[in-house]
Amino acid sequence: MHRTHTCGELTLSNLGEQVILSGWVQKSRDLGGMTFVDVRDRYGITQLTFNSDDDESLRAQARELGREFVIKVAGTVIERSSKNPKIPTGEIEIKVSSLEILNKSKLPPFTIEDETDGGEDIRMKYRYLDLRRNSVRENLVLRHKMAQEIRKYLDSQDFLEVETPMLIKSTPEGARDFVVPSRMNPGEFYALPQSPQTFKQLLMVSGFDRYFQIVKCFRDEDLRADRQPEFTQIDCEMAFVEQEDILNTFEGLTKHLFKHVKEIDLGEVPRMTYADAMRLYGSDKPDTRFGMQFVELNDIVKGHGFPVFDNAELVVGINAKNSASYTRKQLDALTDYIKRPQIGATGLIYARVNEDGSVKSSVDKFYSEEQLQKWSEAFGAEKGDLLLIMAGTTEKVRKQLNELRLYVAQELGLRDKQKFSPLWVIDFPLLEWDEDSERYHAMHHPFTSPKPEDIALLDSKPGEVRANAYDLVINGVEIGGGSIRIHDRDLQSLMFKHLGFSPEEAQKQFGFLMEAFTYGAPPHGGLAFGFDRLVSIFAGLDSIRDVIAFPKNNSGRDVMIDSPSSIATAQLEELSLALDVKKKNSN
């Protein structure tokens, strides 16, 4: 027997018991004739005590223990004279009677502590050591609990968990596919699924009614903190439903998770159209933990001889409450921030509402005090407020002001990670124009249903067609999205046509789905949550890497196992492949 108890469960109720513990040495301390060793496992830490007066040789053995040695001890539970209220076992310690070293350890490359001295690169390389840290392990415990609650809720709603294939067909829409060569079919390739989209629709055609899957998905795209080449979705589909049914069902799931994992009663989730989200926040995933909604100023500021405003398609701003005390240096820093190439703004106009109610702006020579007061009224400004205004083309300036809004809110401490503000964004455009290919692409995917009343606009005004599509946003992060699907073959053919597919291309890529629609496809729709993102929101983290056991870095590499890597020539020959690697043009 390696243990009778874990290192996190013994209390004063166990006094006098003979116990066996096993775990890793967290640290040791020599104090006079005694040595104290903290032993750690997944469940916690227990202090061990070795006394020279009781057994000098045993104490000498304990003094040889290094960090992360794996040990097994037997002993008696006694009361600690110096208690530690910060840990559950802090009132007791083990008076050790025997010690066995199960395995020695090299000195770790970083300290296995919550506040470690290891940088991200070294911790990724030794991820199996990083996972020993409480803070990292707790993220995975949280992930486990959330997965269990998801299954519990969806099971209560009559959903069936069905696995779908990992080796599928490559399709041209969406991000790049990861492809897998087929040995038995030389020159042909599988793709790893970007999502189980077509399969879950086929399950609806099959009569399964309610499907879900906590599933791995794969996209070969540029990475950032909230993206990984492989990620996990809570993938769901329902038949004989309309949009309202889906929103209510998955709002229910969201509330269930907050209630049973965070002990938070979320309340009703508000809804906002895509058009209003862009108008008020410049983003289809607005952070609504704070106000600072956009105020459009064209009618007030144009026609006064200031060319920046007069020549702009849109003049729009935000009110940073109680921030009139910003110094010129701080305002210059805001201007520098939005001028970065990633944002691309050309400048920033500001106005302060002084304590006497007067307004002082950076363009005073163009506007009288009476005119500036109209600015203040438009923003609903009060004494001490700071008005930040930008001008440009509508689409660009809204996105740029959104970046400024988030930056200012971060500086003002308004993006509290312990506050949760969910929002449904609905009525997305069905199509979006791509300048590079000079054609429309599906904003979500080719199977998204247009609103019936907008179908007639597909030929004349395709950019104005709205979709039966929706996203769930929490704290400015898109947690999940979905749509009502097209279930009619003729409408799906029309959609492929407007996306630039020839009938032959549509048949080649999606003929199996079109064929299925001829056998009685029910109305259906669904939603997929980004499980990694959802867990990171619950954990109060910015990066999804911190809630994944073995993540990739920003280059898509697993530096721990050194993957991706080259493969042997014999393997290539077996797959009927030859390599002719061309370097990318650096320009």
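Mentor: The discussion below takes several terms in turn and sets each value against its definition.

Mentor: This is a predicted model, in which local features need pLDDT of at least 70 and side-chain atom pairs count only at pLDDT 80 or more, whereas totals for chains, interfaces and linings use all residues. Residues are numbered from 1 along each chain as its sequence is written, and side-chain values use heavy atoms, with hydrogens and water left out.

Trainee: Why does aspartate 38 count as buried?

Mentor: Buried means under 20% relative accessible area, exposed over 50%, and partly exposed in between (1.4 Å probe, protein chains only). Aspartate 38 has 10% relative accessibility, so the residue counts as buried. Aspartate 38 belongs to strand S2 (residues 34-41); strands (E, at least two residues) and helices (H or I, at least four) are DSSP runs, numbered from the N terminus.

Trainee: What makes the pairing of the side chains of aspartate 38 and arginine 29 a polar contact?

Mentor: A polar contact is a pair of N or O atoms within 3.5 Å; within protein, one must be able to donate a hydrogen and the other to accept it, and residues adjacent in sequence count only if both atoms are side-chain atoms. The two side chains make such a contact at 3.4 Å. Leaving aside residues up to four places away in sequence, aspartate 38 also touches other residues, including Trp24, Ile45 and Gln47, where contact means heavy atoms within 4.5 Å.

Trainee: Why is the pair of tyrosine 126 and tyrosine 128 called edge-to-face?

Mentor: Rings of Phe, Tyr and Trp (its six-membered ring) pair if their centres lie within 6.5 Å; planes under 30 degrees apart count as stacked, over 60 as edge-to-face and the rest as tilted. A search of the whole structure finds 19 aromatic pairs. In one of them, the centres of tyrosine 126 and tyrosine 128 are 6.2 Å apart and the planes stand at 75 degrees, so the pair is edge-to-face. Tyrosine 126, at 24% relative accessible area, is partly exposed, and tyrosine 128 is partly exposed at 44%.

Trainee: What makes the pair of phenylalanine 496 and phenylalanine 510 stacked?

Mentor: Their ring centres are 5.1 Å apart and their planes are at 10 degrees, so the pair is stacked. Phenylalanine 496 lies in helix H14 (residues 489-498) and phenylalanine 510 in helix H15 (residues 503-517), so the pair ties together parts that are 14 residues apart in sequence. Both phenylalanine 496 and phenylalanine 510 are buried.

Trainee: How do you know that lysine 125 lies over the face of tyrosine 126?

Mentor: A charge sits over a ring if NZ of Lys or CZ of Arg is within 6 Å of the ring centre and within 35 degrees of the ring normal. Lysine 125 lies over the face of tyrosine 126 at 5.9 Å from the ring centre.

Trainee: Why do strands S12 and S15 stand at the edges of their sheet?

Mentor: The open sheet of 5 strands has the order S12-S13-S16-S14-S15, with antiparallel pairing. Strand S12 (295-296) and strand S15 (359-361) each have a single partner strand, so one side of each is left without a neighbour in the sheet.

Trainee: What makes strands S14 and S16 a pair?

Mentor: Two strands pair if DSSP finds at least two bridges between them. Strand S14 (residues 349-353) and strand S16 (residues 386-392) run antiparallel and are joined by 4 bridges. Isoleucine 349 has isoleucine 389 as its bridge partner in S16.
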